Amino acid sequence: MSVDPELAGVQVEEVTAAGAVQLGEGPHWIDSEQALYWVDLLAGVLHRLHPASGKHTSTTPPGKKSLGFVVPVFRQPHHFVVGLGLDVALLRWDGETQCAIERVLGSVHATPGSLRFNDGKADPQGRLWAGTMSTAIDKGVDPQPEIGSLYSLEESGVKKHVDYVGISNGLAWRDAIMYYIDSSAGRVDAFDLEPASGQLSGRRCVFDLQKNGVPGVPDGMTIDSVGNLWVACFDGAQVICVDPERGALLRRIPIPAKQVTSVCWGGRLLDELFVTTAAVKAETGKVAAGRLYRVTGLGANGLLNDQVHLPLRQ
């Protein structure tokens, strides 16, 4: 049997210590802890894994809300900005004991149960970006189209930047460019970003999955040290590597689970790609679904994850 030369030396392994979740999302590597954090979005559970020891812990924030993302706060150990339903909140968790919500930093005003936060990350300036989507899909029905938006977190609360979003997802930055995925559109877009103000302009498509013969829809993504994007393909059973400047598909990395949700660089050299997956709808009950995977031997490495900069007030 012939071996794809692009996969020579590449290993995809299940991180068994983490177990399976319903909808794994939002992986974030904290280098100082050498630990990975991610969420089980619909269950509202926050997970932590220390790969070197294999220790896995989890916690559930109060309120029984969806948990869209988790991003650590700069120079505030054990503090995270999280998306709880339609709130952006400051959470405290030491990785062991029960977590606590310290305060709500901003909220999106919408009919309760109609929308929720999905993916979110901090840009290189420490500004949080996060988007919303319809909750109808969580209940197994077709979502109301394009009722989501993309926001940033400012001193005054959340600020809307992009409207008519279907499923707000992956975010990544390089220089003065922000890459963004609305899964419903089936493509990766780029914006010009004014770093100081956070103003976006010049939206354009840099990679269309369907036009390039890639199955599934784009979900979460990350960027490597040379500017290539690594995109999780939900219902596509793979992660793809894309050159956004040329709009070129560089590599395909098969993943045992069909519903691949997000990716994050980790490890001491930031050369290990952690991959979250889901076990929703047709995938429920399948052995590989909802597992966490680690991919090594890619010959690439990422950048340190950015953290949210908040005023050091209590």
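Trainee: Which residues touch the most other members of the largest nonpolar core?
Mentor: This is a predicted model. The largest nonpolar core has 19 residues, and Tyr37, Leu46, Val70, Phe80, Val82, Leu91 and Trp93 touch the most other members. Strand 3 (35-40), strand 6 (67-72), strand 7 (79-84) and strand 8 each supply at least two residues of this core.

Trainee: What makes it a nonpolar core?
Mentor: Members must be buried residues of nonpolar types, joined through side-chain atoms within 4.5 Å. In soluble globular proteins, nonpolar side chains tend to be buried together.

Trainee: Which residues does leucine 46 touch, not counting those up to four places away in sequence?
Mentor: Leucine 46 touches Tyr37, Trp38, Val39, Thr57, Ser58, Thr59, Leu67, Val70, Leu91 and Trp93. Each counts as a contact because heavy atoms come within 4.5 Å.

Trainee: Why is the pair of lysine 55 and glutamate 96 called a salt bridge?
Mentor: The N to O distance is 2.5 Å. The cut-off is 4 Å, so the pair qualifies. Lysine 55 sits in strand 5 (residues 55-59), and glutamate 96 in the loop between strand 8 (87-92) and strand 9 (100-107). They are 41 residues apart, so the pair links distant parts of the chain.

Trainee: Is lysine 55 buried, exposed or partly exposed, and how do you know?
Mentor: Its relative accessible area is 40%.

Trainee: What makes glutamate 102 and arginine 92 a salt bridge?
Mentor: Their closest N and O atoms are 2.6 Å apart. That is within 4 Å, so the label holds. Glutamate 102 is in strand 9 and arginine 92 in strand 8, 10 residues apart. Glutamate 102 has a relative accessible area of 30% and is partly exposed. Arginine 92, at 40%, is partly exposed too.

Trainee: How do you know whether aspartate 189 is buried or exposed?
Mentor: Aspartate 189 has 3% relative accessibility. Buried means under 20%, so aspartate 189 is buried. Its side chain meets that of arginine 187 in a salt bridge, at 2.7 Å from N to O. Arginine 187 is partly exposed, at 27%.

Trainee: How many salt bridges does the structure hold?
Mentor: The structure holds 16. Glu13, Glu272 and Arg294 are linked in a network of them.

Trainee: Why is aspartate 123 called buried?
Mentor: Its relative accessible area is 0%. The limit is under 20%, so aspartate 123 is buried. Aspartate 123 lies in the loop between strand 10 (115-122) and strand 11 (128-134). Leaving aside neighbours within four places in sequence, it is in contact with Trp129, Trp173, Leu193 and Asp306.

Trainee: What makes the approach of aspartate 123 to glutamine 125 a polar contact?
Mentor: A polar atom of the aspartate 123 side chain lies 2.9 Å from the backbone nitrogen of glutamine 125.

Definitions and conventions:
Residues are numbered from 1 along each chain as its sequence is written. This is a predicted model: local features need pLDDT of at least 70, side-chain atom pairs count only at pLDDT 80 or more; totals for chains, interfaces and linings use all residues. Side-chain values use heavy atoms; hydrogens and water are left out. Helices (H or I, at least four residues) and strands (E, at least two) are DSSP runs, numbered from the N terminus. Buried means under 20% relative accessible area, exposed over 50%, partly exposed in between (1.4 Å probe, protein chains only). A polar contact is a pair of N or O atoms within 3.5 Å; within protein, one must be able to donate a hydrogen and the other to accept it, and residues adjacent in sequence count only if both atoms are side-chain atoms.
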